[in-house]
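Colleague: Could you walk me through this three-chain model, one point at a time?
Modeller: Gladly, here it is.

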Amino acid sequence: MPEQPRIERPHADRIQSERPMIEIRNVTRSYGAFKALDDASLTIREGEFFSLLGPSGCGKTTLLRMIAGFDNPTSGSIAVGGQSMEGIPANRRPTNMVFQSYAIFPHLNVEQNVAYGLKRLKLQGGEEKRRVEEALGQVSLTGLGKRLATELSGGQRQRVALGRALVMRPKVLLLDEPLSALDKKLREQMQVELRRLQQAVGITFVLVTHDQYEALAMSDRIAVMFGGKIAQVASPKEIYQRPVNRQVADFLGGMNFVKAEIVEENGASLIVDTLGFGRIKTDKPKAFVRNGGAATLGIRPERLRVLWDNATAKFEVAGKVVERHYFGEITHLIVEIPGLEKPLSVTETNDFGADDIPVGTPIRLAYDPEALVAMAD
Amino acid sequence: MTVAAEGSPPLRMTRARRNALLRSEPVQGFALISPTFLYALILLVLPIMVVIAHSFWTQHYLTIDRTFTLENYRVALTEPIYRDLLWRSLYISLTVSLFTVVLAYPIAYFISFHGGRHKSLWLFLITIPFWTSYLLRVMSWKVILGYNGVLNSGLMGLGIIDEPSTALLYNSSAVIITLTHAWAAFAILPIFVSLEKVDRTLVEAATDLGDGPLRSFLRVTLPLSAPGIISAALIVMIPTVGDYVTPKLVGGKDGVMIANAIQAQFGKAANWPLGAALSVTTMLIVSLMAGATVLIIRTLQRMAR
Amino acid sequence: MRARRFLPGGWLSAYAFLYIVFLYLPVIFLPIFSINTAATPKFPLTGFTLQWYEDLPRTPALLDAAWNSLIVGVSAAILSTVLGILAARSITRYRYPGRRAINGLIMAPLVLPEVIVAISMLLVMLQLGLSLSLFTVVLGHVLVCIPYSMTVLTSGFEGFDRSLEEASADLGESAFGTFRRVTLPMVAPAIISSLLVCFTISLDEFIIAFFLTGTEATLPIYIWGQLRFASKLPGVLALGTLLLVASFLLMTIAEILRRRAARRTQNEGGLYA
């Protein structure tokens, strides 16, 4: 038998420094009675692409602005590169920021914008010019140095903002929703470019975003935040596949929730009974808190596969199609399963004709018990 | 040494807290505006308080008797001459505001709905004469309306009249015409601003729901621009009540207004308390009139629905 | 498709044209009769002359008044613009209780009867024992100029993206450096515009100067004095024409600058620019 070619998995295999770059310890930011950030602790590693993900008002931008020095914690501490940031104003921090509005100085041209921070360093000889050229090259703006900021497209403005920050050679680059103003196509292109750029320069990137796909596509690790609290910090895959609670699961995409009864709990696993899926053995989440005998399991819609004709699977559930929604390359099926209080949502590619399944058809779905994960409510 | 060492941590604490307070938004914002605020307090609020105080005092030649009295107000409100001047001033300012608003509305509408790319050019064209000297604009009306003036000589030259008319100048109509012209541009701006805020799709929605052009204008555009009409009316009404130059130059005996009487009390007649009482009375009455105008326009606005 | 609107554009255009004529015509008679040979302004015109203009520099009282107006105008423009900058910056940048009330008070001279403002200040100044002079006129002019200065500056400061200043700090610039390198260049046109507007208002202002000046006359006061003499009218018309032209030019420049400032700041705020 010929040997299978080995497929590189860049995310999993990329060697990363374990050295901490940003240490956030018990940081709280309150405005009167309202806590924008509530006792958040987090370590961001050197050379990492880290995302703060959450809905608007979850505290992610507050946290980013406190790292930059535009806001101060009510209590708790922030250290960058091992140095406490307390009392250090924004202009003396080893961080630089790409603003949501880009904040390109409209009275300066591209070159002057990029050189803005270097002017203060009073560099010798042609060093300033050389660094500006290098930064313009990094963000693919070579040749546009003399353009006025007002003559640039949205994508170009974003590159100027990026170049202007990178030219300062910061320890950490902070990005506040940098892609939210771009249209979909440009946004996806910039995601790839930003990721490539980060790997080329090796600087720690901290990205704030409310777009889960953006966070999943770009990050080494993600912190998901809700209501001023950090809910989960993990790799994109871990967060998507093993969300710690329903809120995280919901925010990262569709999830079918199944009620379960705990039969047995031991060190690393749980054995539960469900009405639709029967008895399941599943990994016990790290932070699992037992709430009586009840538990919640979740399975992503794409982890349920339609079984055609007489095909069988080791694990399957049977039900009836009640709704069908066509999305081009995929079809969403809503399948009623006897015993389950809510019908299951199933995502199936259209390669085999899922878009032609009539509503009312009896159907069988295959699943992998490992895809059913236990989580907190 | 020990004392200092023990003393320093709490000292640092208070300094940190003080810095935090100084950095806080309200403190910084208030500190920044305070010079301008103080200026307005000292040169506007304080003077008006002083005027109000004077209106309750009495003047004997050059000394002021600070015993509280309502005598000045009795004179201001009952003496026929002041009563007439007050009424005339109110009548003139009300007429002028009505004229300016009615004349200005179509222009504001035109610029807002048909101005296209040239909106700001139109606004500039209309406001430019307003920036020239008020005195000169009043003077030019004197030139136009005078016995030997432009209008009379022009009409005679065209053979429309045989001899100069004396009815043009030195009466309250001349005052009204001059003031209407002087404040025309001022009334356009607030109406324009409120018309700009009217969502164009609302007009289309009204048309879609079966309203004709006139009905959709009366039921949608006009009521929605009421705030602009109100501010335009007030912005003209309040200052014109106290106008001094226009009645003096083109008003003659028939067009004298309350400001001329107030000035006389501070000048030749040298009765500051009476002048103060006349000022306060004027301001109070014009405030009442302004309030009534707001109420009437709001009521009309509700009725239009 | 555009909905049909009440009052078709054609009629409105005609009305707008008439309105512009109504606004400009009276003002245009001043220059016309200032170059007419007749001593009284009436039709038909008698002939072209620049005599009335040539007489102007030969009148010492007029030159004094012009000099006084210049001093008062420049002082009032600078003072009110400085106070206007502080207030406009505070109003556009910070949120605090009482902000609207303070703003209302500062803008109040715009809608108060000028005579009442003037006599109130006169009373206080006399009570404080200040002798009336050009200085007291400047004090009064600053009060009435601040609202205009505020309006011009606010339109320049508004939409000034706060993150521009944050970006500057983020790139290592100090608070003063940020003001010098970012804030000032951005709002400079608005500031110059405010100076010009305030100077023009002070140059043309009559009532407050009339009440608050001592023996020195400004140009409008000089004109007021001359109006009593019918024979001086052509000279007054010539002077008035010069003032009109000056106001017109200053305001045009101010407006161009104000727009440039507004365009600069507003371009920045737009995410979809």
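**Chains and contacts**

Modeller: To start with the contact of two chains, 75 residues of chain B meet 72 residues of chain C, where two residues are in contact if their C-beta atoms, placed from the backbone, lie within 7 Å. This is a predicted model, in which local features need pLDDT of at least 70 and side-chain atom pairs count only at pLDDT 80 or more, while totals for chains, interfaces and linings use all residues. Residues are numbered from 1 along each chain as its sequence is written, and chains are lettered from A and ligands numbered from 1 in the order in which they are written.

Colleague: Which helix of chain B gives the largest share of the side that touches chain C?
Modeller: Helices (H or I, at least four residues) and strands (E, at least two) are DSSP runs, numbered from the N terminus. By class, the side of chain B that touches chain C has 52 nonpolar, 20 polar and 3 charged residues; Ala, Val, Leu, Ile, Met, Phe, Trp, Tyr, Cys and Pro count as nonpolar, Asp, Glu, Lys and Arg as charged, and the others, Gly among them, as polar. The largest share of that side is 20 residues, and they come from residues 25-54 of chain B, helix α2.

Colleague: Which chains share the most contacts?
Modeller: No contact joins chain A and chain B, and their closest C-alpha atoms are 9 Å apart. Chain A does touch chain C, with 20 residues from chain A and 20 residues from chain C. Of the 2 pairs of chains in contact, the one with the most contacts is chains B and C.

Colleague: Which elements of chain A each supply at least two residues of its side towards chain C?
Modeller: The contact takes 20 residues from chain A. Two elements each supply at least two residues of that side: β6 (95-98) and α5 (154-166) of chain A.

Colleague: How many charged residues are on the side of chain A that touches chain C?
Modeller: That side is made up of 11 nonpolar and 7 polar residues. The charged ones number 2.

**Chain B and chain C**

Colleague: What percentage of the residues of chain C count as buried?
Modeller: Chain C has 11 helices and 0 strands, and its C-alpha trace spans about 70 × 65 × 35 Å along the principal axes. A residue is buried if 20 or more other C-beta atoms lie within 10 Å of its own, exposed if 12 or fewer, and partly exposed in between, with C-beta atoms placed from the backbone. Of the 273 residues of chain C, the buried part is 50%.

Colleague: Are α6(C) and α8(C) roughly parallel or roughly antiparallel?
Modeller: Helix α6 (residues 134-157) and helix α8 (residues 175-204) of chain C pack with axes 9 Å apart, at an angle of about 155 degrees. Axes are lines fitted to C-alpha atoms, for helices over the stretch in contact, and angles run from 0 to 180 degrees between N-to-C directions. Angles under 35 degrees count as roughly parallel, over 145 as roughly antiparallel, 65 to 115 as roughly perpendicular and the rest as oblique. The angle therefore makes α6(C) and α8(C) roughly antiparallel.

Colleague: How many charged residues are in the contact of α6(C) with α8(C)?
Modeller: The contact includes Tyr148(C) of α6(C) and Val197(C) of α8(C). Its residues divide into 12 nonpolar and 6 polar, and as for charged ones there are none.

Colleague: Where is Asp309(A), and is Asp309(A) buried or exposed?
Modeller: Most residues other than glycine have a negative phi. Asp309(A), though, has a positive phi near 45 degrees. Asp309(A) sits in the loop between β15 (305-307) and β16 (316-326) of chain A. With 4 other C-beta atoms within 10 Å, Asp309(A) is exposed.

Colleague: Which strand holds Asn26(A)?
Modeller: Asn26(A) is not a glycine, yet its phi is positive at about 50 degrees. Asn26(A) is exposed, with 12 other C-beta atoms within 10 Å. The strand spans residues 20-31 of chain A and is β1.
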